[in-house]
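The sequence and structure come first.

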Amino acid sequence: MSHRKRSLVLVTVDCLRADHCGLYGYARPTTPFLDSLAAESFVVPQAIVAGAPTYYSFPSILASRMPLALGRDVVGLAPGESTLATVLREIGYATGAFSAANPYISPRFGYEQGFEVFRDFLDHDFIGIEAQSTQDTFNAGPESGDSVHGDLKPKLNSKLNQSLKNFAGALGLSSLYNELYFQYCIKTAPVADSVDALRRYPAADVLVDQAQSWLASVGERPFFLWLHLMDPHSPYYPPAAAFRELTGRDIEPARAHYLNQSWNRSDLTASGLRGKRDEVVELYDAGILFADRQIARLVNNLKQTNRWDDCVLVLTGDHGEEFLEHGGRYHAPVQLGEEIVRVPLLIRVPEARGKKAVPTSPMSHLHLAPTLFEIMGVQTPPAFQGRSLWSNLQQNIAWSDPAIIECAYGCTNPFRVENRSASRLLGIRDARFKLVMQIEPGTTERVYDLEADPTEMHPNADEIRSDTRKRLLQTAREYMQKMVLPRDHGMRVRARLRDLRSELAGVRSSA
Ligand SMILES: [Zn+2]
């Protein structure tokens, strides 16, 4: 039997955690469209990222490769690496990517490879991106305390402020000073009259518009469309209509601004932030709803243009987002709680109608691309490290491979190559237990029982048997041994040359 080649739509949503989606049981109606699509799709109950954040996650999604497999100094896709896009383009697919200005999935890190059209809404001024990513670092990481008040900061340089700050410090009043200074900044900062003016990334409607005009241009060719949405990413400024739909209230730009600035403060501990949490989550959730509405619009367009019946659609997140579950915010690579590593994964396959029962085995993103290739009848390149789980999904047969997660601990700005060499943070996640360890002398591993302790508050509890710990440690050891050996040195060198070129370009344009 021969049928038309299937097209593939991959929608990745930045910071989308599984438990904030309706189809994963969230009480708030954040994903009405995806919930309805779930009724004719495979919804993987425990989909786990291979790394976090963005730059440690995407090599597995697009290239079925563990994030640090080419060495910690290689970030992104290596030049010449096989990906979903390069393979499909090779066999005649139209390939297009539309990404909402996330600097870590730009050509700087090899993500344009295989795409005939690659639109990332960045200006490709690498100095500019660097400046923005420093701001992101502050957003993302606990170690970047030097820009406490974000864009409000320059005022801190005034002499009077500095001496007040020193004075307050000497009296042990710095937290009072910080509070007064924050209030002063908020009161004196001009606030936009709509949240649209405060938003940092293009919203999903802009991307869907562009994707649809690209689709109209590809004619009868099968296509691969990758859409990366940033709507739930911080700073949290959802479109007003989505906020109203979700909460029944109107969003006040000044309030949203105040909440984002407060949430961003590095001088406050979790207890000082807790009072803002629910309102911040509301903003994040409204971003999810907006993305969901736009995905619905895209699918509607595919139906109207008679493409939907040939379309495999995948929806997932590149990592989750923390709201103080373990004392932190955002998604810096410093801990591997479920709020960070567990994402939604929905796979819609045209003729496999009806809701599917899917095993609760953890499914790593590493296996996504090979699984998609089998669904589409496309040969998987030998360099892919994952394996197809298509028959397991179809027949509801559990698998035993644990999901492995890795990142360089605390690397919040991979534009700076020296930041990448931090020690490896490794997670081994099986259906019930999770081992988390930093590969560094003097640190001890933590084992969590996700059944008895779903919020991961009690590592190494007494009930965790020593054979469980031993088994997980053995998996970690085998993984480390396996990953050190087969590095592709050619790719590694090419990736490092790319870093050097962009560093030199930066020096030249700032001179
Ligand atoms: Zn991300």
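The points below are grouped by topic, after two sentences on conventions.

The model is predicted: local features need pLDDT of at least 70 and side-chain atom pairs count only at pLDDT 80 or more, while totals for chains, interfaces and linings use all residues. Residues are numbered from 1 along each chain as its sequence is written, and side-chain values use heavy atoms, with hydrogens and water left out.

- C21 is placed in the loop that runs between β1 (7-13) and α1 (32-38); helices (H or I, at least four residues) and strands (E, at least two) are DSSP runs, numbered from the N terminus.
- With a relative accessible area of 0%, C21 is buried (buried means under 20% relative accessible area, exposed over 50%, partly exposed in between, with a 1.4 Å probe and protein chains only).
- Leaving aside residues up to four places away in sequence, C21 touches L16, Y26, T30, T31 and P344, where contact means heavy atoms within 4.5 Å.
- From C-alpha to C-alpha, C21 and L34 are 8.4 Å apart in space, and they are 13 residues apart in sequence.

**Aromatic rings**

- A pair of aromatic rings is described by the distance of the centres and the angle of the planes.
- Rings of Phe, Tyr and Trp (its six-membered ring) pair if their centres lie within 6.5 Å; planes under 30 degrees apart count as stacked, over 60 as edge-to-face and the rest as tilted.
- The count by this rule is 21 aromatic pairs.
- One of the pairs is Y104 with F415, which is tilted, at 5.7 Å centre to centre and 45° between the planes.
- Y104 lies in the loop between β4 (94-99) and β5 (117-119), and F415 in the loop between β13 (403-408) and β14 (424-429), so this pair ties together parts that are 311 residues apart in sequence.
- Both Y104 and F415 are buried.
- One aromatic cluster is formed by F58, Y111, F115, F118, F224 and W226.

**Charges over rings**

- A charge sits over a ring if NZ of Lys or CZ of Arg is within 6 Å of the ring centre and within 35 degrees of the ring normal.
- R108 has its charged end over the ring of F109, 4.8 Å from the ring centre.
- R265 has its charged end over the ring of F182, 4.2 Å from the ring centre.

**Cysteines and disulfides**

- There are 0 disulfides in the structure, a disulfide being a pair of cysteine sulfur atoms within 2.5 Å.
- C407 is in no disulfide, and its nearest cysteine sulfur, that of C411, is 9.0 Å away.
- C407 is buried at a relative accessible area of 0%, and C411 counts as buried at 1% relative accessibility.
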